[in-house]
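Colleague: I am new to this structure and would like to go through it in steps. Please show it to me before we start.

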Amino acid sequence: MKLTFNLKFLLIFLAILITEILIAKYLHDAYIRPFGGDVLVVVLIYAFIRIFLKTNNKKLALGVLVFSFLIEALQAVHYVNWLGLQDNKFWSIVLGTYFSVYDLLAYFVGYLICLLFKD
């Protein structure tokens, strides 16, 4: 693992971030917003880390997947309430409030996309 700056991943990160914002703001369907947004969030986190770290892409992708699964498990026990953020719309959206097995599937698809990036 080495500190670096990677313009390619900065651009990927920004493109996905803009896409996520547009999906959240304008798309209110039953498939792309909930599933596609969760797929993209894994790639978004992966790309953000790759801006600053040169590391083994497979290990990093797995780490992001595990992190995503952990957050989803915390949603099952309503951790947003534990943190006292249930009335804060921004943090409730960012951290998530509902567990779904479909989210785990979406995170796994995002993980598979991350594996397509080379070291």
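Colleague: How far does H3 reach from its first C-alpha to its last?

Modeller: Keep in mind that this is a predicted model. H3 has 20 residues, and at 1.5 Å a residue the expected reach is 28 Å. The value computed from the first C-alpha to the last is close to that, at 29 Å.

Colleague: Which residues are exposed on the other side of H3, away from its buried ones?

Modeller: The buried residues of H3 are Asn-57, Leu-60, Ala-61, Val-64, Leu-65, Ser-68, Ile-71, Glu-72 and Gln-75. They cover an arc of only 140 degrees around the axis, so they lie on the same side of H3. What covers them includes H2, helix H4 (79-82), H5 and H6. On the other side of H3, the exposed residues are Lys-58, Lys-59 and Val-66.

Colleague: Does Leu-74 count as buried, partly exposed or exposed, and why?

Modeller: Leu-74 lies in helix H3. Buried means under 20% relative accessible area and exposed means over 50%. Because its relative accessibility is 26%, Leu-74 counts as partly exposed.

Colleague: What distance separates the C-alpha atoms of Leu-74 and Ile-113?

Modeller: Along the chain, Leu-74 and Ile-113 are 39 residues apart.

Colleague: Which helix do the buried residues of H1 pack against?

Modeller: The buried residues of H1 are Phe-9, Phe-13, Ile-16, Glu-20 and Ile-23. They cover an arc of only 95 degrees around the axis, which puts them on the same side of H1. On the other side of H1, Leu-11, Ile-18, Lys-25 and Tyr-26 are exposed. The helix that the buried residues pack against is H2.

Colleague: How far apart are the end C-alpha atoms of H1?

Modeller: H1 has 20 residues, which at 1.5 Å a residue should span 28 Å. The model agrees with this, since the end C-alpha atoms of H1 are separated by 28 Å.

Colleague: Which helix supplies the largest share of the lining of the largest pocket?

Modeller: The largest pocket has a volume of about 1100 Å³ and is lined by 28 residues. Helices H1 (7-26), H2 (32-52), H3 (57-76), H5 (89-95) and H6 (101-114) each supply at least two residues of that lining. The largest share is seven residues, and it comes from H2.

Colleague: How many residues of that lining are nonpolar?

Modeller: Among the lining residues, Asp-38, Val-41, Ile-93, Val-94 and Leu-95 lie nearest the centre of the largest pocket. By class, the lining has five charged and six polar residues, and the number of nonpolar residues is 17.

Notes: Residues are numbered from 1 along each chain as its sequence is written. This is a predicted model: local features need pLDDT of at least 70, side-chain atom pairs count only at pLDDT 80 or more; totals for chains, interfaces and linings use all residues. Side-chain values use heavy atoms; hydrogens and water are left out. On a 1 Å grid over the protein atoms alone, a cavity is a set of points where a 1.4 Å probe fits but cannot get out, and a pocket is an open set with protein on both sides within 12 Å along at least five of seven lines; lining residues have an atom within 4 Å of a point. Grid points are joined across faces, edges and corners, and a volume is the space filled by probe spheres set on the points. Helices (H or I, at least four residues) and strands (E, at least two) are DSSP runs, numbered from the N terminus. Ala, Val, Leu, Ile, Met, Phe, Trp, Tyr, Cys and Pro count as nonpolar, Asp, Glu, Lys and Arg as charged, and the others, Gly among them, as polar. Buried means under 20% relative accessible area, exposed over 50%, partly exposed in between (1.4 Å probe, protein chains only). The expected span of a helix is 1.5 Å times one less than its number of residues. The arc is that of the directions from the helix axis to the C-beta atoms. Contact means heavy atoms within 4.5 Å.
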